[in-house]
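Please open the structure in a viewer and keep the sequence at hand.

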Amino acid sequence: MKFADNFIFGGATAAYQCEGSTLDYGKGKVAWDDFLAEKGRFKADPASDFYHQYPVDLKLCKRFGVNGIRISIAWSRIFPNGTGEVNQAGIDYYHNLFQECHKNGVEPFVTLHHFDTPNTLFQTGDFLNRQTIEAFVDYAKFCFDEYQDEVTYWFTFNEIWAVATNQYIEGTFPNGEQYNMAKAFQAMHNMMLAHAKAVLVFKEGRYPGKIGVVQSLEYKYPYDENSPADIMAAKNEDVLQNQFLLDATFIGNYSIETMSIVNKLVKLNDGSLDIRDEDLDIMTSAALVNDYLGMNYYQSRFIQAYDGENDIFHNGTGEKGTSRFRLKGVGERMAKEGIDRTDWDWLIHPESMFDMIIRIKQQYPNYKAIYITENGMGYKDDFEDGIIDDSPRIDFVKRHLYYLLKAVKEGANVQGYFIWSLMDMFSWTNGYNKRYGLFYIDYETQKRYPKASAYWYKRVSETKEL
Ligand code: BGP
């Protein structure tokens, strides 16, 4: 099994996690700025100083066979207040960045929203407020106009589920709210509507290039495959994280099965949803013209039925075995014998990525193409005199790439793979000891060091063989 000649061996980044300069050069605030300051554990400055170091990082891409880069535009660098006046320094920064990509033969794949709604819009309800949808579409159109000669591959949102769950169920993202199913589903629906509107603007404007959305997917298996209650629990979590968003992406509507579970989960907190017929019309039109799905895939889950009180603990330090995720009436995430976990309790289960790709191919045959837009292993790298032997990461990526190729062999159209992350960077709820990069960063000096995985990735990219 070999990779196709035009396969993208990419590296992924996100503006807030790598740029630094979070309040410089005219950038407007995002909710994270105050949220992190209040928590006082870590901040996103200078992170990997990508704002200044991007020429170095792109040279490394070229040297190490990385022929694609995921970059996100920080909305509040372009529109400091979300709407209205633009910031020329921000506009110019991304022009320079995209040009540097092309100079080095690295194709930019650009995301418009990666967890960083401008603070002015966040404070008035973020995507629960329909005005944010219109502001997003205006911002998207501005970017399509401005960067159409430099960007071919667009994504509207990164990980709509992560936004919804971390903001309204887990409480690990600003404003730290928990256990609110209705808000989570409403935010997901409204973001999918914003995605659909932006896709239609892109297609109706006949911009050159392609567009899609990045979803974060996890295969949900019943903990005991013979237990009807566990099978139901796995289905609950699947609808919550995967199927609601996949229906919205590929059908533009929600199936009867999906809505029966959504309605049950929303009732858990006596909530209700605002899903309008005209929303579904727009989403249906967009579903027909989406060019691809970006799939972020890290792990699977084994779910057991659960009816106790809600109880979530986020392992944000890498102390193995401390996570708890139990939602009353939904299910409980379990460790599974025989399946290894990272220090952050993420299950290492590469064949589940195969199951997810094949499921999409079968359940949504109009999917057109998939890019694995994130996959990788958060790990406490050892740095010894500039040598970083990250063999567990190589093993992790190799096994996922094997299952990717297997899915291609079974007829799935997978066009590329982006390792999370290109270089080490800030992790939203974990800070800096959870490293993912092909390139190690010494945060004191901002010096970059290729890890063993970078040399390995280069070889795979050059030979097209695992
Ligand atoms: C995804 C995000 C990324 C990145 C990654 C790793 O959910 O799109 O921004 O952070 O996960 O997650 P973490 O940093 O929590 O380990």
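**First stop: the ligand**

Select the ligand and the 15 residues that surround it, of which the closest are Gln17, Glu159, Ser427, Lys434 and Tyr436; a residue counts as near if one of its heavy atoms lies within 4 Å of the molecule. The model is predicted, so that local features need pLDDT of at least 70 and side-chain atom pairs pLDDT 80 or more, while totals for chains, interfaces and linings use all residues. Residues are numbered from 1 along each chain as its sequence is written, and side-chain values use heavy atoms, with hydrogens and water left out.

Colour the shell by class: six residues are nonpolar, six polar and three charged. Here Ala, Val, Leu, Ile, Met, Phe, Trp, Tyr, Cys and Pro count as nonpolar, Asp, Glu, Lys and Arg as charged, and the others, Gly among them, as polar.

Next, select His114, where a polar side-chain atom lies 2.8 Å from an oxygen atom of the ligand. In Glu374, a side-chain N or O atom is 2.9 Å from a ligand oxygen; for Asn430 the corresponding distance is 3.2 Å. Each is a polar contact, a pair of N or O atoms within 3.5 Å. On its own the ligand has 380 Å² of accessible area (Shrake-Rupley method, 1.4 Å probe), and the protein covers 91% of that area.

**Second stop: an aromatic pair**

Among the 56 aromatic pairs in the structure, select Phe109 and Phe418, which are edge-to-face, at 4.9 Å centre to centre and 70° between the planes. Rings of Phe, Tyr and Trp (its six-membered ring) pair if their centres lie within 6.5 Å, and planes over 60 degrees apart count as edge-to-face. This pair links distant parts of the chain, 309 residues apart: Phe109 is in strand β3 (residues 107–113) and Phe418 in strand β13 (residues 414–420). Strands (E, at least two residues) and helices (H or I, at least four) are DSSP runs, numbered from the N terminus.

**Third stop: backbone exceptions**

Most residues other than glycine have a negative phi, and most peptide bonds are trans. Ser21, in the loop between α1 (15–18) and α2, has a positive phi of about 45°. A cis peptide bond joins Asp45 to Pro46, with omega about 0°; Pro46 lies in the loop between α2 (31–39) and α3 (50–63). Finally, select Pro174 and Asn175, also joined by a cis peptide bond, with omega about -5°.

Note on methods:
A polar contact is a pair of N or O atoms within 3.5 Å; within protein, one must be able to donate a hydrogen and the other to accept it, and residues adjacent in sequence count only if both atoms are side-chain atoms. Rings of Phe, Tyr and Trp (its six-membered ring) pair if their centres lie within 6.5 Å; planes under 30 degrees apart count as stacked, over 60 as edge-to-face and the rest as tilted.
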